[in-house]
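Subject: Structure handover and notes on cores and salt bridges

Dear colleague,

I am passing on the structure we spoke of, and would be glad if you could read the notes below alongside it.

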Amino acid sequence: MIYLDNAATTKPAESVIRRAGECLTEHFGNPSSLHKFGLNAQLCMDEARKIISGSLGAEPDNILFTSGATESSNLALRGSASAYGKRKKKIITSAVEHASVRSTLDTLEQQGFEVIRILPDENGRFQAEDFIRAVDENTFLISMMLVENETGRILPVPEVFRRVRKKYPDVILHCDAVQAYMKIPVKTKDLQADLISLSAHKIHGIKGVGALYIRKGVRLTPLLTGGKQEKSIRPGTESVPLIAGFGEAVRLMQNTIPERLEAVQTKKDYLLNLLSNMPEISINSDTDKNYSSPYILNFSVKGIRSEIMLHYLEQKEIYVSSGSACSKGAKSGVLSAYHVPDNLADCAVRVSFSEETSLQELDTLVQAIAEGQKNLIHKK
Ligand code: PLP
């Protein structure tokens with residue numbers, strides 16, 4: 001089995017499963033309970049909160065646990081629209097956001113907010129200037145992802161946020177850092193964000209848990225009403241096993257970000273080189289390291305539709321993605337934002353690496369694609 005769909009989800013680390021198991025079997029109390037079992041569960045959460053906040057260079061108080069990045073971004077965007085969008089109505093975002101941000105902003109637009117979606121330039125790169133130029137006195141929110149999940153492009157979030165904060169200090173700055181966290185450095189002091197969405201299952205944690213970093217002083221209107229958990233901003237009994245597992249995943253990964261980055265870059269370069277020697281392949285990711293995460297490579301196998309190639313590879317137990325896993329095969333429009341023509345976008349394959357991906361696995365993938373090019377010709 002060759003798993004090359006790590007941007008969709010990663011395999012939970014053994015120590016993460018162990019830690020979650022401890023919380024299920026031993027520390028199963030409700031963290032809000034006042035007795036010993038409650039306290040122990042609370043301590044498990046405190047530890048995770050400390051690890052995750054520390055990894056960002058923030059304080060435990062800044063971290064709110066959620067059910068995943070989708071909820072984090074919904075809370076960040078809807079919560080700040082409700083708290084800060086009474087007089088000012090303008091929101092700036094990129095044209096390539098994940099559905100969790102894109103659809104949430106579509107909904108806010110339907111409710112009367114003005115949403116400006118910034119496109120990349122003719123080279124498929126985002127220019128900080130284009131975001132900054134769009135900000136004015138009526139703007140209350142900017143939402144930008146740090147690493148885009150279909151092609152791995154890096155957006156100039158630190159530059160945009162730093163410059164906007166100087167000129168318009170009241171604008172709320174949200175960053176979806178899901179595909180960046182624990183892969184490239186993500187520090188609050190560099191990012192200058194007010195709100196950062198994170199997800200555990202992209203970093204060898206478990207599905208169903210995420211976090212929202214909230215800068216001190218930022219007010220969010222809660223999406224839910226209920227008890228006093230997570231300062232009443234996110235009421236409901238916390239999933240202690242998942243949260244403790246999230247903390248363990250970060251503990252495991254936080255000290256090896258540069259080493260893993262370099263190792264994964266070697267693998268991406270290796271695959272890029274193999275693909276460059278094949279006919280009818282077109283690369284959709286940016287190949288410049290400064291503009292692209294090494295963890296994702298998107299390319300098109302001309303004339304063979306994504307799903308056909310995906311299932312052909314699946315028969316050989318090679319697992320890739322046809323683009324964004326969340327879009328379930330539906331076109332997201334992200335590739336067309338980068339000027340990829342429809343006939344190539346329909347044939348896109350996303351390979352997303354992990355630290356465990358081996359060069360032999362990439363050889364096998366390329367062989368299988370070459371075979372596919374021969375065998376699938378009639379299915380064009
Ligand atoms: N943001 C990005 C960039 C993603 O890739 C994903 C996952 O696909 C999400 C948000 C959603 O994360 P979650 O599955 O934790 O809701």
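This is a predicted model: local features need pLDDT of at least 70, side-chain atom pairs count only at pLDDT 80 or more; totals for chains, interfaces and linings use all residues.

Residues are numbered from 1 along each chain as its sequence is written, and side-chain values use heavy atoms, with hydrogens and water left out.

A nonpolar core is taken here as a set of buried Ala, Val, Leu, Ile, Met, Phe, Trp, Tyr and Cys residues joined through side-chain atoms within 4.5 Å, where buried means under 20% relative accessible area, exposed over 50% and partly exposed in between (1.4 Å probe, protein chains only). The largest such core has 68 residues, and those with the most contacts inside it are I142, F161, V164, Y181, L198 and F246. Its largest share, eight residues, is contributed by helix α8 (residues 240-253); helices (H or I, at least four residues) and strands (E, at least two) are DSSP runs, numbered from the N terminus. Once neighbours within four places in sequence are set aside, the contacts of L198 (heavy atoms within 4.5 Å) include I52, L56, Y181 and F246. A second, separate core of 29 residues includes I296, L362, I369 and L376.

Counting as a salt bridge any side-chain nitrogen of Lys or Arg within 4 Å of a carboxyl oxygen of Asp or Glu, the total comes to 22. One of them joins the side chains of D5 and R350 (3.3 Å, N to O); because D5 lies in the loop between β1 (2-3) and α1 (14-25) and R350 in strand β12 (residues 348-352), this pair ties together parts that are 345 residues apart in sequence. D5 is buried, at 13% relative accessible area, and R350 also counts as buried, at 1%.

R163 and E159 form another salt bridge (2.9 Å, N to O), and as they are four residues apart in helix α6 (residues 157-167), about one helical turn separates them. R163 is partly exposed, with a relative accessible area of 33%, and E159 is partly exposed as well, at 35%.

In the salt bridge between R215 and D194, the closest N and O atoms are 2.6 Å apart. Here R215 is partly exposed, at 33% relative accessible area, whereas D194 is buried, at 1%.

With best wishes
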